Amino acid sequence: LSCGPKSARRSLIIVNIALAALGLIFIIVGGVSLQYGSSFRTMLNTYCHEECEEQSCHETACSAAIPSCDCQSSLTTVPTYFFTAPAAGLISVGVFSLVVSVVGCYAAIRVKAAWLCGYIIAVLLVLTLQFSFGVAAATVPNLDKLPGKMQDIFEKEYKEIDWMYFKDFFPEGCYATQTSYPLSGNVMHHPACMWNATCDRKFPQCCAKDGSCDESKPICKAPSTCIARLLSGVGTPVAVVSLLTLALEWFAVTFACVIRRETRAGGVFDKSS
């Protein structure tokens, strides 16, 4: 990028105004994503509370009978931080971006070497944080990153969880199949296939010829597919807004470096001459 120092000064002011607006967007998108993740966490806790209340057994036995729940506290045992961490990170970056953009505007208007140096360091820090949160959010739907305890619950005990309770978060295929438990009288709605997308022979309508789950049918889903869909709703918005704006911040660093160079002796912005 090649530009004159005065042009760089004007451009830096414009870029920082844009970065301030983006900081607000980060906070808004992060807030929406955080609400989505928090809603699922609240729903899990409400589900556990209701299920534990319905059980006619002692607390420890209840906890053993209800996957994902601790009936002593009536709270979920699923590591719910996984649903909210990317959004919380984006909100933090948004707040930091707002502060840094104000510093950048001041540094461009006053053309102070110390402020410009501080601004360049701050923007590089924001770039690093933003890139890190963006990559982390993009990998959230990757089930290899799931906490072990969460995967164990949804892989081994998915039939003992009533997925219909969470129908606002999952497609119909995630709760279209049901299993009855005569001893307790419970009927659980759950995905028809197993975690690794192989079919369950108890539900042959979802079995492809090779033994895999035929997920082309709306009622046939694997638990892993359902969880990946949920995590995509949490992580994808955060990843998109984090990674798409990196170029603008790099331009800001370039403009600030051009201005900082011209504050030296003999430069356009040398106030001692």
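A crossing of two helices is called left-handed if the near helix is turned anticlockwise from the far one by less than a right angle. Keep that in mind while looking at this predicted model, where the crossing of H3 and H6 is left-handed. UniProt, in an unreviewed entry, puts transmembrane regions at residues 12-34, 87-109, 116-140 and 238-259. Here's a quick tour of some of the helices and how they pack.

**The spans from the record**
- Take residues 116-140 to start: this span is 92% helix and 0% strand, with its end C-alpha atoms 36 Å apart.
- Residues 238-259 are 95% helix and 0% strand, and the end C-alpha atoms there lie 32 Å apart.

**Helix H3 on its own**
- H3 covers residues 81-110, which is 30 residues.
- From first C-alpha to last, H3 reaches 43 Å, close to the 44 Å expected at 1.5 Å a residue.

**H3 with H6**
- H6 runs over residues 223-244, and its axis sits 9 Å from that of H3, at an angle of about 15°.
- Angles under 35 degrees count as roughly parallel, so H3 and H6 are roughly parallel to each other.
- On the H3 side, the contact is made by Phe82, Phe83, Pro86, Ala87 and Leu90.
- H6 brings Leu230, Leu231, Val234, Val238, Val241 and Ser242 to that contact.
- Sorted by type, the residues where H3 meets H6 are ten nonpolar, one polar and no charged.

**H4 with H6**
- The axes of H4 and H6 are 8 Å apart, and the two helices pack at an angle of about 150°.
- That angle makes H4 roughly antiparallel to H6.
- H4 passes H6 in a left-handed crossing.

**H4 with H7**
- H4 (residues 113-138) also packs with H7 (residues 246-261), at an angle of about 160° and with the axes 10 Å apart.
- H4 is therefore roughly antiparallel to H7.
- The crossing of H4 and H7 is left-handed.
- Among the H4 residues in the contact are Leu116, Tyr119, Ile120, Val123 and Leu127, and among those of H7 are Glu249, Trp250, Val253 and Arg260.
- The residues of this H4 and H7 contact come out as 17 nonpolar, one polar and two charged.

Key. Residues numbered from 1 in each chain as written. Predicted model: local features only at pLDDT ≥ 70, side-chain atom pairs only at ≥ 80, totals over all residues. Heavy atoms only, no water. UniProt positions renumbered as here; feature names shortened; annotations may be inferred. Helix = DSSP H or I, 4+ residues; strand = E, 2+ residues; numbered from the N terminus. Axes fitted to C-alpha atoms, helices over the stretch in contact; angles between N-to-C directions. Parallel < 35°, antiparallel > 145°, perpendicular 65-115°, else oblique. Contact = heavy atoms within 4.5 Å. Nonpolar A, V, L, I, M, F, W, Y, C, P; charged D, E, K, R; others polar. Expected span 1.5 Å × (residues − 1).
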